[in-house]
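Subject: Structure for you to look at

Dear colleague,

I am handing over the structure below, and I would be glad if you could read the notes that follow with it open beside you.

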Amino acid sequence: MTLGRVSVVLICSLAFLLASTPARNSDLWLHLASGRELSAGRLLDGTEPFSSTTQGVFWVNHSWLSDFLLYQIYKLGDGAALIVVKAVLTTLLAALLLSFRRRGEGMGGVACASLVALLALGPWLLPLQSNLWSLLGVVLTLYLLERTCLTEDAPVPRARPECWLLVPLFALWANLDEWFVLGPVLVGLYALGELLHRSPASGGVTPPARRLLLLFCVGLAACLATPYHYRIFAWPTFLGLNLAEQALQYDPLGPSMIFPSFGGYFTGSPLFRSPGAWAYYFLLLAGAVSFMLALRTWHLGRLLVWLALAALSLYRARTIPFFAVAAAPLLVLNVQQGRGRLALPGGPILAKRVPDLVRWMGVLLGVVLLVLAWPGWLQPAPYQPRGWAVEPDGSLVRMAEQLKRQHAEGRFRADRFALTFSPEVAHYLAWFCPEEKGFVDSRWPLFDRVADDYVRMRRCLLQKEGDVARELVPLLDAYRLDRIVLYDADWSRLAQAYRHLFRAVDPLTTEPMPRQAMEWELRVVEGGATLFCRRSGTASSPPPFQYRRAAYLSEPDQHVPPAPRPPQPSNWLDVFRCRLDPGSADREEAALHLLSSDVQAEELNAQWLLSQAAGLVGCGVAQGTITTAAALAMRLQITPPLPLLPSEPLLLAVRAARRALAANPDDARAFLLLGEAYFRLARQTQEATWQALLPPLASLRQAQILTALEQAATLRPDLDQAHALLAQLYWEQGQMDRCLDHLYARLRIVKHPDVVAAVRGEVDKLEKVVSESERTYQANLVGKTNPSKALDRAQLASRYGLSRKALQILQESSPVIFGRAGVEYQLDLMIKAGQSYEVVDVLKPELEFKINHYHWLKAVAAASCGDYAEADTELDKGSERLRRIGLSPKLVVPVRVGMAFHVGRAVLSFPLKTAGVAEWVTALRSQVKTLDSLVAAAELLREEADWQVLRGLLALEAGEVAKAGQHFHAALDVWRSQTATVAGAGLDFPARPIAQEMLHRMQE
């Protein structure tokens, strides 16, 4: 195989890989829905069925044929077939670019230009869109116009019959994509070039110019061969020329859709930092230079085409692909014509060797680019390995399916509609739930009449403060909107709108708190998508979403499955593997529940501050400063503490984060959300008071928090929030060296000058503390340097805040040296360092009888890793000793049987008759001594009841609500009732209030 053919194979392979990316663009579902309707024989009459705001608007579906083909391909091979077709069409595009080689010319120039064009196309090949047809149409148009130059050496092209193939091409193109107008425009520019370049001696229009003008007219007429005839001619979207796009300039959506190639949005985006942007700028520069080199043999038509497409790409960055596929062939043609003006010095030998060297270097470059293309490094971040699938947004799919069920049950009025907060929502509804009409989607020309109001409604929900309802409600009434489907790919926008719509729930009554400015209720939560319905104006709608009901209702989808494997930090080989993270609906749901907890905290804190302010005002002003100060002091003395947060949103956040980790054990953000949920659950809810009643709960929560945050920081070292929380926790625990490690990590991450200064101050202070601890540790090592003193050295280091050093000492030693006590101490240090996954690996079954508290340590580690079934099993085994009592060295019976035995023996040991007072006293002492054994048995029952409560809390965390209720009831069986306890028929135990409270919540 010659080097030329090798180059062709490499470039075509690169094109295939660049296009082999999972499709995640939401408008694909809108096109598939259109194709489904077309397959059913509908939509060609100009009606629009997917929106509630397009009555009376004639819909010109420029890509109707493309939609039909997409749907048919999707039916044949699901999403994989669509991606393969996209990759094949891109490969065909590369082959067409390589065909711009004049007879007798080598492949070097055309291969280099095609390579640069593909790199410039790379960022725009990520979505699966119909403009790929237009890219092929542009290249085919140029190829047919330049056909004579490629096959003959004549300086002036002569018309060939092949150029008339453009007429059926334009007719087909007009039914595939809205950019079909580029075809006739290119012909018209070539015709204009011929007119301007005609010889004065010709005395009129030259035959080539006449033919091109005729071709231009016939080509325009061929574009009318569509179901929409003259209506087909309209401004393409994303040019900012229709009213809807102009209105969107005042919305955050605008800059992300309509932006110039040198604007601030483009230069600040990952697109600008990708090879595709620099390839585009190279084509601009190289194209200008090529026209200068071909100055004597200028083809004015080519220059006009290049200038028009270059100006278009500078005006709107989304048109860069059209410039790239045209600039590369024009660059090659100019270089081929101007080659005679360039001569290599050094004679014919050098002139022969240099091209060979360049070709070999080109082949090597092609191989390197193929390697770089597989992990996605030639396209904008975030990088993704190659994949052949359509990956829908899980949150929107779940929300659409939920809405479809609600429509089937007749929950919504037929004359009321939904405000879809973002176009993505409308796209998914068109395919997954066509019964729910969208408000606005990405077909902007259809929404010129409502775009201003749409932007105003979004602005109401995105403003940071103010009366939202005053402007929003009249707009909703005007369009008969009684619900909002809230979702946005940008978390900051979603969070702001959610704050406005979310109604806080009273943790005691589970009833919405009154708020004068709002009339919304949260009805559905599906991943990161939510449905809010208005209280008034709805005949029926889904029941309100109550956090208490959701947390304590046993649903199969709420159960937490165990993760298939421990998390694995990425290495350099992982980028070449298909480990895609398209985003998790459960992770988004966890973030949403945390946001709900924040909003509820703000509500409760605001009410608390208001009540305290009213109380202070009620104190009045007494006569004299001392009397007033005393009154204020008394008021502050009796002021209740800040209200505790409801635990239900945080409990749901834990479950959602665990489900996200079960789907993807390497999801660092899910670990961060999990750690934050545990942190708030343990410190800001009623659990903060329960930990005094149930000390093992405090140890368990601390291990869960540290494990989740450590995994987040390990998988994603750039997560500043994880390092900040870890530094705080380690500081509170006295692990100064670990705290300093995470402060160092924060210094490498944070960029804001104020934050950097604050962290630097903390680092400076802690460095002094750690240095002093190191000196103190070294000074106290006298007599402990022997290898057999490893445990003593570790305990000494931990005592002075050097826990990382303590663990390192034990890990570098051997259990044979420091024995069972050292192993237990090492495991405790590992759990306190968030290394629960490592503890699970260490605690093998053969160590069960060699380590004290084996089952407790393994239960804590398993619960921290999300294996709730294993944790419950270990707690059950660990509490086995609490269910048996020994009557003799060889006789072990259940505790209650043993208690009955001791009571019976005490009763029977008292004689019926006594000879005197002395004998009676002796018998009574013997009876009391026998009953003393009941104290130890009662303590076992109390401790076992506490363990049952802990098992119930873990089962509830895992979503096993029924199982949790069984554990709580089993614990309360020891207590029975207050009357029974007073009468001696029941035993009180420390965790009894926890079990009662949880059963009360579960029964509401």
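A residue is called buried when its relative accessible area is under 20%, exposed when that area is over 50%, and partly exposed in between. Please keep in mind throughout that this is a predicted model.

By that scale, Arg398 is partly exposed, because its relative accessible area is 25%, whereas Glu526, at 14%, is buried. These two residues form a salt bridge with each other, in which the closest N and O atoms are 3.2 Å apart. Arg398 belongs to helix α17 (residues 394-408) and Glu526 to strand β3 (residues 520-526), so their pairing ties together parts of the chain that are 128 residues apart in sequence.

A second salt bridge joins the side chains of Glu648 and Arg548, with a distance of 3.5 Å from N to O. Here, too, distant parts of the chain are linked, as Glu648 lies in helix α25 (residues 648-663) and Arg548 in helix α22 (residues 547-552), 100 residues apart. Glu648 and Arg548 are both buried.

A further salt bridge is found between Lys858 and Glu870, whose closest N and O atoms are 3.8 Å apart. Lys858 sits in helix α36 (residues 854-864) and Glu870 in helix α37 (residues 868-878), so this pair ties together parts that are 12 residues apart in sequence. Of the two partners, Lys858 is buried, with a relative accessible area of 12%, while Glu870, at 26%, counts as partly exposed. In total, the structure holds 45 salt bridges, and those described here are among them.

Sorted by class, the lining of the second largest cavity has seven nonpolar residues, three polar ones and four charged ones.

Terms used
Residues are numbered from 1 along each chain as its sequence is written. This is a predicted model: local features need pLDDT of at least 70, side-chain atom pairs count only at pLDDT 80 or more; totals for chains, interfaces and linings use all residues. Side-chain values use heavy atoms; hydrogens and water are left out. Ala, Val, Leu, Ile, Met, Phe, Trp, Tyr, Cys and Pro count as nonpolar, Asp, Glu, Lys and Arg as charged, and the others, Gly among them, as polar. A salt bridge is a side-chain nitrogen of Lys or Arg within 4 Å of a carboxyl oxygen of Asp or Glu. Helices (H or I, at least four residues) and strands (E, at least two) are DSSP runs, numbered from the N terminus. Buried means under 20% relative accessible area, exposed over 50%, partly exposed in between (1.4 Å probe, protein chains only).
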